[in-house]
Amino acid sequence: MSQSDANGRRRPVIAGLGVTEMGTVYGRSSSQFAADAVRLAVADAGLQMGDVDGLLTSGGTTGGVGLGLQRDLALFDLRLLSEMQAFGSTAGGMVQFASMAVQSGMADVVACVFADAPLRPGRAAGDVYGGGRRPDRPSSAPVPAPSGWGGLMLSAGVSGANTMYALGARRHMEKFGTTEEDFAAVAVAQRAWAAGNPLAQFREPMTVEDHHASRWIAEPFRKLDCCLVSNGGVAVIVTTAERAASLAKPPVHVLGWGQGHPGRLFDRDPNFGIRTGAAQSGPTALAMAGVKLSDLDVVELYDCYTFTVIVSLEDYGFCEKGEGGPFVSSGVSAPGGSLRLNTGGGQLSSYYMWGMTPLSEAVIQVRGEGGDRQAFPHNLALVSGNGGILDHHSTLVLGTEPV
Amino acid sequence: MSGRVAGPGPVARNADTEVFFDGTAEGKFLLLGCQVCGSINRPQAERCASCDATGLQPVPASGRATLVSWVVVHPRPREGEPPGPVTIPAIVELDEGPWWWSQLVDADTDTLTAGMPLTVEFRTPEGSEAVPVFTPAAG
């Protein structure tokens, strides 16, 4: 294998993965989780902390994973340092920028880390992302009314990811006939995958009836249509293929990447809930990698909601636009089906680390470390990040070998 | 009717929304008309979406709209308490063209469909500006 690509550039690979303890883990801050994750990823790669010369950070709802992480980790004289934010597309974006940095020679060993610690004892998970005004329950303490155009939307209850995504999902249902049974098919299939993932927070079997019995959150979404919320951190190490050749783990080549940011949220947008930025980021990444959808062995899609998986499958072209519901209801994505999709259980059942959830599972699968849930073959994987309200997308194509 | 439906919460004016809330206080939903190309823009527009002109002027909307999408938001259950009222955040398409992210009131959640006609109403929560909301059109 040449250590350079056809253009003489160094080949980027993911050489390390660090996943902290995950879930309802209390007593550690997001920055502590981030530091733990970077140390775990460096050790996983067989590197020393002093080898790291680039650091890209991303925090979730609670923030606190910023430039100070350099000092927390005593990483001196870095050649690349930045905090990144494109919501659920950030993890993919970090790997993209890290790949370009090692490709160009700007840096040699870049740690990319996400961490968050939104869960606190006695606080409901939904409070973190809910935006949750309770119209029947005025607060005892006077809270100033929100103002501005955003305040007007808040007053109408247009707030929180659950509501926003449900508005998109409803459009898809009205336009294409997508059903709650289709949503359930996604949740059930991913729970079945999670059974084989020791890192997953929810591994007990789930049926369609269980899905339908879960309470309404924001119709058409029930509780089991929504991702879980986790405390923890995930980091990956991006370096060159040349460097990785002598390291501890099989290299995961970063073969292609792309982004898509439609930018029409809250405007008149016939595509809202119908077509997302994945329709742009996907073809870009596949073309760069020089592969087709049919070449992919493993697909890890951002799944903040069951619906997100359905619309993303369409946008990548795994099925026709509007056919995502029947496609998942056919059982194609359950273990044993023809599509190895969200093989760790995804954010619905394993852990919610924004874009690091699909990315970490893809790294595990491409390495062949998936244990009971390992896909065969596992030469090529697609990773999809989705952020904002279906508004920011990143795609990675990962593989065992350079294409 | 599948349950109680709550109305909007309070909202305060700021510099961006002064003209709009002056309108809602008089029962008007003010859009912005382009003095160059005649296009009607959403209330928060700085420039005309069609021709990029500035100098947009307020123009009252007809108050008619159609339903684009909606959600029935259920408050978290509290043990030993009856379920709280739902809210129905919605996207509507104003007859003049712009989309508006708002809320439905006086609506039967079982009979909502995309494209159904709506009309604007104004509600004034305690301590709030008047808030435009939408309700299924009569007849």
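I started with helix α14 of chain A, residues 356-367: at 1.5 Å a residue its 12 residues should span 16 Å, and the end C-alpha atoms are 16 Å apart, so the two agree. The expected span is 1.5 Å times one less than the number of residues. Helices here are DSSP runs of H or I with at least four residues, strands are runs of E with at least two, and both are numbered from the N terminus.

Before going on, I noted that this is a predicted model, where local features need pLDDT of at least 70, side-chain atom pairs count only at pLDDT 80 or more, and totals for chains, interfaces and linings use all residues. Residues are numbered from 1 along each chain as its sequence is written, while chains are lettered from A and ligands numbered from 1 in the order in which they are written.

Next I checked how covered α14(A) is: 11 of its 12 residues are buried. Buried takes 20 or more other C-beta atoms within 10 Å of a residue's own, exposed takes 12 or fewer, and partly exposed is in between, with C-beta atoms placed from the backbone. Among the buried ones I listed Met356(A), Pro358(A), Glu361(A) and Gln365(A). Just after the helix, Gly368(A) has a positive phi of about 85°.

Then I looked at a sheet that uses both chains. Its 3 strands make an open sheet in the order β6(A)-β5(A)-β5(B), with antiparallel pairing. The edges are β6 (221-222) of chain A and β5 (72-73) of chain B; each has a single partner strand, so one side of each is left without a neighbour in the sheet. Strands count as paired if DSSP finds at least two bridges between them. I found 2 bridges between β5(A), residues 216-219, and β5(B), and one pairs Glu219(A) with Val72(B).

For the interface, I got 35 residues of chain A in contact with 37 of chain B, contact being C-beta atoms, placed from the backbone, within 7 Å. On the chain A side, α5 (148-155), α6 and β5 each supply at least two residues.

Last, chain B: I counted 1 helix and 9 strands. Its C-alpha atoms fill a box of roughly 60 × 35 × 25 Å along the principal axes, and 39% of its 139 residues are buried.

Methods
Two residues are in contact if their C-beta atoms, placed from the backbone, lie within 7 Å.
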